[in-house]
Amino acid sequence: MAPEFLVTHSGGFHADELLSSVVLTRLYPQARIVRSRAPEWITPAGDRIIYDVGGAFDPNARIFDHHQRGAPLRDDGQPFSSFGLVWRHYGQDYLRALQVPEKDVVTLHQSFDQDFVLPIDLMDNGALNPSAAGPLADLTLPVLLETLKPVFDDKSPEADDRAFHVALVIARSFVEANLKQDAAKLRAESMVMEAIAAAGESQVLELPMGMPFRPAIVKAGAEHLLFVVHPRDQDWCLTGIRRVSDSFELRADLPKAWAGLTGQALADVSGVAGATFCHNGRFIAAAATREAALQLAELAVAEHLKAV
């Protein structure tokens, strides 16, 4: 039976029950959020899901608290918050509600759990301190969400509930934007893998549009690839491939003679009609047509191979 109520605790709020509410309100939009510690609300019943309150964890009774002795732990011994428990039980259905393709549901469920849910769980349980983020500590998502609490001298009876619902809208935008980006990366990976297969032994990878490409290139073990070509809104782009994700060093730089040139100057030096721009850093160039972009790419490959 679909729940009529989504029950969490009253008073101040934290990231874990906010983010649990993001998941549950997407799955059960007709249900009303009740923020209470009253026994009649935090006792399991067929008309409700209870989370972050109630002193018990029992998915069959639809209660997901983590504050009690004997609260569940992950397989590696790390603690859950209510968000982790709700994500474990409802996360895959939530992804389906967001229209994630079925083939990607398990992968995305697991990666989001590790990259997004687990840090929330650890911070909520005191196993990870925001100070680990150094100067960015005050900009971590749990800290930012808590800044939306009412100020100390706002004594209006509805202040906490009003703030909770404002924060819920903001929390939803972060969760769903993050998942949208992660789902897009999986789509991109599939498209890049197809393009790698089509490229064969060529050092130039042609893609149908701009998209994240390096993770798929690394996954495919396509070490021979040096440059990527793809269309943009009104022209074509030629870009290098980073050796590692956290460095700007490329597998191959564009020719030194092209650096910083635009328009006819670049066309004259490269010998490619339609060449329009090369960044001074030699990591990206542009051309008016596909043919010109591919010509630039082949020239860049030839110059790199000549130098090694």
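**Briefing: a helix, a strand and aromatic pairs**

Trp41 is partly exposed, with a relative accessible area of 22% (buried means under 20%, exposed over 50%, and partly exposed in between, with a 1.4 Å probe and protein chains only). The model is predicted, so local features need pLDDT of at least 70 and side-chain atom pairs count only at pLDDT 80 or more, while totals for chains, interfaces and linings use all residues. Residues are numbered from 1 along each chain as its sequence is written, and side-chain values use heavy atoms, with hydrogens and water left out.

**Aromatic pairs**

- A search of the whole structure finds 9 aromatic pairs (ring centres of Phe, Tyr and Trp, the last by its six-membered ring, within 6.5 Å; planes under 30 degrees apart are stacked, over 60 edge-to-face, the rest tilted).
- One of them joins Phe5 and Trp41 edge-to-face, at 4.9 Å centre to centre and 75° between the planes.
- This pair links distant parts of the chain, 36 residues apart: Phe5 lies in strand E1 and Trp41 in helix H2 (residues 39-42) (helices, H or I, of at least four residues and strands, E, of at least two are DSSP runs, numbered from the N terminus).
- Phe5 counts as buried, at 15% relative accessibility.
- Tyr28 and Tyr90 also form an edge-to-face pair, because their ring centres are 6.4 Å apart and their planes stand at 90°.
- Tyr28 sits in the loop between helix H1 (15-27) and strand E2 (32-35), and Tyr90 in helix H3 (residues 82-97), 62 residues apart.
- Both are buried: Tyr28 has 18% relative accessibility and Tyr90 has 5%.
- Ring pairs also link Phe83, Trp87, Tyr94, Phe112 and Phe116 into a cluster.

- E3 pairs in the parallel sense with strand E1 (residues 5-8) over 3 bridges (pairing requires at least two bridges found by DSSP), and Leu6 stands opposite Ile49.
- E3 also runs parallel to strand E5 (residues 63-64), joined by 2 bridges, with Phe64 as the bridge partner of Tyr51.

**Helix H6**

- Helix H6 (residues 159-199) has 41 residues and reaches 60 Å from its first C-alpha to its last, close to the 60 Å expected (1.5 Å times one less than the number of residues).
- Just after H6, Gly200 takes a positive phi of about 60°.

**Cysteines**

- The structure holds 0 disulfides (pairs of cysteine sulfur atoms within 2.5 Å).
- Cys237 is in no disulfide, and the nearest cysteine sulfur, that of Cys278, is 11 Å away.
- Cys237 is buried at 3% relative accessible area, and Cys278 is buried at 0%.
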